[in-house]
Amino acid sequence: MGGNGNFWIAAAAAVVVLAGGIMLWFWIPFSPVKRRFRKDISALLEESRGTAGNEIFTQEDFSHLPAAICRYLEHCGYIGTPKMSFLKMCYHDVAFWQERNGSALRIDYLQYNFVKNPCRMALIDSRLFGIPFEGYDYYQNGRGGMKGVIAKAITLFDQKGPKMDQACLATFLAESLFAPSILLQDYISFEETGDYEVRAVIRYGGQTAGGIFTFNEAYEMISFTTNDRAVTKKDGSMEYIPWSAVCGEYRLSENGIRYPSKFRAVWNGSDGDFVYFDGRISEISCG
């Protein structure tokens, strides 16, 4: 009897210690995903250091581009500012939906876009019922993917392949106007399709993606729409559905440039629009 009692006491103590260890693991700052992200970004920042030189944007730099883009750059204050080698964007407390009519997951989203070669790295930081959930979206050297990890160690999904490569390239294109050095690269081209519309095409790593930028009457870019992004379905297959990046509420930043403060990502399906990413940009900076 006494022996059995000692066993159960020891077992209960072991459970308490294990549960405490798990909770400590969940709450300590260390994370393999975040460590990998920081390491990758550090290397990319070092590689891009000095590639923009000390040059500033002039109107002549963009004289070969459609009028709508030139007016956008003038209106937003890019002319006369330093050329950049990367873009950094931060979002806090974004509403993110994985499916229609589902509950929104609240996430923080940090991304870097690099100019010399199309490259986009983004970190998702969130919690599911108190358990850490982290995601890593990446596009580098012509290859893109999206990985999700729960409890800092368990991989929920790891999507990659040619369709993902193209989807990530299209996303990079959607954000290209926020880092105008990208507009001067050989891998991107533009065609004026209307007073307030410009078609853009990006070619890199054996992939091509294109879409339409739309501007309002003040020549603020308000949307980018593409047919070159595939969505991953529940069975793991991928289907091409029109996709839009919608932005607005432009504000003057400390560096004198007007940036949008609101951003939404939308699947424009045949059954109606599905806004799955709805957030405010808390920081945009270039270097």
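The model is predicted. Start with the whole chain. Its secondary structure consists of 15 strands and four helices. There are 287 residues, and 45% of them count as buried. The chain exposes about 14800 Å². Carbon and sulfur atoms supply 54% of that area.

Next, consider which parts of the chain touch. Take the contacts with a separation of 6 or more. Residues 24 or more positions apart account for 49% of these contacts.

Now zoom in on helix 4. This helix covers residues 162-174, which makes 13 residues. How far apart should its ends be? At 1.5 Å a residue, helix 4 should span 18 Å.

Is helix 4 enclosed or open? Eleven of its 13 residues are buried, so helix 4 is largely enclosed by the rest of the structure. An α-helix has 3.6 residues a turn, so residues three or four places apart point the same way.

Cys 168 counts as buried because its relative accessibility is 12%, under the 20% cut-off. Cys 286 has 29% relative accessibility, so it counts as partly exposed. What about disulfides? A disulfide is a covalent bond between the sulfur atoms of two cysteines. The count here comes to zero disulfides.

Methods
Residues numbered from 1 in each chain as written. Predicted model: local features only at pLDDT ≥ 70, side-chain atom pairs only at ≥ 80, totals over all residues. Heavy atoms only, no water. Helix = DSSP H or I, 4+ residues; strand = E, 2+ residues; numbered from the N terminus. Buried < 20%, exposed > 50% of the residue type's maximum accessible area, 1.4 Å probe, protein only. Contact = heavy atoms within 4.5 Å. Areas by Shrake-Rupley, 256 points an atom, 1.4 Å probe, with all protein chains shown as cover. Expected span 1.5 Å × (residues − 1). Disulfide = S-S within 2.5 Å.
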